[in-house]
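Colleague: I would like to learn how to read a few features of a protein model. Please take them one at a time.

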Amino acid sequence: MGLYQIWNEMHRIGTTAIGGGPDRRTGEMKYVAACEAEDCGWSSAYDSYEAAMVAARGHRCPVR
C-alpha cells in the first residue's frame, strides 16, 4: 500500500511533518508529528490535528 493511500493529510512546519490517517485498529483519524532531521528520531501520535500542530511548533530539534 502506497503512502498516498495511508495518509490523508501531510503538512510541514519547519523540520517537522504532520500527517493524518485512519488508525488500523479502530479506523478513527490519528495524527502524527515527526521530525525529519536525519538523527533526531522524535515523533508523537495525537487524536487531534490541533494537538499535533502544537507539538510540531514546540519541537526544538537538537540535531539542527
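Colleague: Is E38 buried or exposed?

Modeller: First, the ground rules. This is a predicted model, in which local features need pLDDT of at least 70, side-chain atom pairs count only at pLDDT 80 or more, and totals for chains, interfaces and linings use all residues. Residues are numbered from 1 along each chain as its sequence is written, and side-chain values use heavy atoms, with hydrogens and water left out. Buried means under 20% relative accessible area, exposed over 50%, and partly exposed in between, with a 1.4 Å probe and protein chains only. E38 has a relative accessible area of 75%, so E38 is exposed. E38 sits in the loop between β3 and β4 (43-46); helices (H or I, at least four residues) and strands (E, at least two) are DSSP runs, numbered from the N terminus.

Colleague: How is a pair of aromatic rings described?

Modeller: By the distance of the centres and the angle of the planes. Rings of Phe, Tyr and Trp (its six-membered ring) pair if their centres lie within 6.5 Å; planes under 30 degrees apart are stacked, over 60 edge-to-face, and the rest tilted. A search of the whole structure gives one aromatic pair. Its rings belong to Y31 and Y49, with centres 5.8 Å apart and planes at 75°, so the pair is edge-to-face. Because Y31 is in strand β3 (residues 29-35) and Y49 in helix α2 (residues 49-58), the pair ties together parts 18 residues apart in sequence. Y31 is buried, at 11% relative accessible area, while Y49 is partly exposed at 22%.

Colleague: Which residues make up the largest nonpolar core?

Modeller: In soluble globular proteins, nonpolar side chains tend to be buried together. A nonpolar core is a set of buried Ala, Val, Leu, Ile, Met, Phe, Trp, Tyr and Cys residues joined through side-chain atoms within 4.5 Å. Here the largest one has six residues: I18, Y31, A33, A52, M53 and A56. Both β3 and α2 supply at least two residues each, and the largest share, three residues, is from α2.

Colleague: Where do the buried residues of α2 lie around its axis?

Modeller: An α-helix has 3.6 residues a turn, so residues three or four places apart point the same way. The buried residues of α2 are A52, M53, A55 and A56. They fall within an arc of 165° (taken from the directions from the helix axis to the C-beta atoms), so they line one face of the helix. The face turned away from that side carries the exposed residues E50, V54 and R57.
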